[in-house]
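Let's walk through this one together. Have the viewer open and follow along as we go.

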Amino acid sequence: MDLPHFVPLLSIFLLLIPPLTCAQVCQRNCGKEYLKYPFGSGPGCGNPLFQPHISCSQQKLTFTTHTGSYLVTSIDYSNQVIYISDPTMSTCSCTLPSKGFGLDWNAPFTFHDSTIFALVDCSINSSSICTTQSYDDIDDGNNKNSNSNSKLLCDQSTPICSLLYSCKPISTINLPISTCCVYEPVNLGPSFEMDLQKLQCPSYTGFYNFDEGESDPEKWNYGIALKYKFSVTDDYPNSCAACEKSYGVCGYNGPYNSFICNCPNGINTTTDCYFTSSYNNAFRNGIAWLIYPMAWSVVWFFL
């Protein structure tokens with residue numbers, strides 16, 4: 001065979017040889033945050049139910065709802081809790097106007113029991129500081145679950161208000177304690193929605209793991225703690241556990257979001273990465289180093 005005819009065949013032959021390495025699509029980290037199921041670094045990674053709500057962009061893990069996007073500050077995988085921060089939330093360091101916070105009705109998240117919300121600078125006539133309150137003040141979209149006899153557990157007797165109002169940014173504007181209202185535990189009605197405009201409160205603050213012995217509000221854990229569930233039964237998938245044990249990353253693919261295990265060598269499997277890892281190592285250490293020298297030897301023979 002002459003060289004002009006041989007070179008195209010050789011090129012095709014080399015293209016058919018699988019690469020020694022390939023990038024893993026699903027990443028294990030997003031910035032400083034370690035990622036594991038049910039969270040993923042992008043589409044096709046993690047659990048498809050979580051993908052619309054948790055995303056990784058520019059190495060920052062973000063939680064998104066219809067009220068905005070919030071930075072994920074940490075994840076407690078053992079207790080299935082994520083912690084987020086709201087840039088419009090007031091703290092002991094500053095007071096900021098806010099629209100409030102809400103969870104999407106179809107999101108696999110609920111407020112963790114340790115989360116506390118305090119409404120700040122509310123109008124004296126605000127419905128949020130009344131003894132009873134209708135869910136009409138809490139926006140639930142189509143109001144299917146409105147109940148005029150329901151109560152929101154808004155407490156003014158808690159010492160949290162007096163401690164919070166001792167913060168310098170709040171004390172300088174001399175707000176009366178009666179304009180503060182605390183939800184503990186958080187109960188925002190069936191839609192998990194806090195509309196500050198309807199509640200006539202221009203600002204709010206949130207914190208978690210509150211220690212009643214901690215009288216210095218500057219040391220509180222400001223942010224929101226959210227509990228998540230893997231599924232209705234809240235069972236960790238055995239297939240995903242096997243995948244992660246073999247250094248893979250759990251993901252999904254296809255029209256039915258079928259489970260896949262994205263392996264370190266870039267190969268997707270429906271089980272785990274043990275076979276692909278063994279195959280890749282064997283290819284790297286043996287077959288590849290035989291094929292490539294033989295191919296180039298043929299090239300030199302015809303040159």
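**A walk through the model**

Glutamate 184 counts as partly exposed, because its relative accessibility is 41% (buried means under 20% relative accessible area, exposed over 50%, partly exposed in between, with a 1.4 Å probe and protein chains only). You'll find glutamate 184 in the loop between strand E11 (181–183) and strand E12 (193–195); strands here are DSSP runs of E, at least two residues, numbered from the N terminus. Together with Asp155, Asp211 and Glu212, Glu184 forms a negative surface patch (patch residues have over 30% relative accessible area and no salt bridge, and like charges are joined within 9 Å).

A word on the ground rules: this is a predicted model, where local features need pLDDT of at least 70 and side-chain atom pairs count only at pLDDT 80 or more, while totals for chains, interfaces and linings use all residues. Residues are numbered from 1 along each chain as its sequence is written, and side-chain values use heavy atoms, with hydrogens and water left out.

Now for the inside. The largest nonpolar core has 42 residues, and Phe39, Phe63, Ile82, Phe101, Phe109, Phe117 and Leu119 have the most contacts inside it (a nonpolar core is a set of buried Ala, Val, Leu, Ile, Met, Phe, Trp, Tyr and Cys residues joined through side-chain atoms within 4.5 Å). Another core, of 17 residues, lies apart from it and includes Cys161, Leu163, Leu175 and Tyr222.

Phenylalanine 109 sits in strand E8 (residues 109–111) and counts as buried because its relative accessibility is 4%. Its C-alpha is 9.8 Å from that of phenylalanine 230, 121 residues apart along the chain.

Lysine 32 is exposed at 68% relative accessibility, whereas glutamate 33 is buried at 10%.

Most residues other than glycine have a negative phi, and most peptide bonds are trans. The bond from tyrosine 37 to proline 38 is cis, with omega near 15°. Aspartate 121, not a glycine, has a positive phi of about 60°, and asparagine 257 has one of about 50°.

Key: Patches are made of residues with over 30% relative accessible area and no salt bridge: like charges are joined within 9 Å, nonpolar side chains (Val, Leu, Ile, Met, Phe, Trp, Tyr) within 5 Å. Accessible areas come from the Shrake-Rupley method with a 1.4 Å probe; for residues, only the protein chains shown count as cover. A salt bridge is a side-chain nitrogen of Lys or Arg within 4 Å of a carboxyl oxygen of Asp or Glu. Lys and Arg count as positive and Asp and Glu as negative; His and the chain ends are not counted. The place of a charge is taken as NZ of Lys, CZ of Arg, CG of Asp or CD of Glu. Helices (H or I, at least four residues) and strands (E, at least two) are DSSP runs, numbered from the N terminus.
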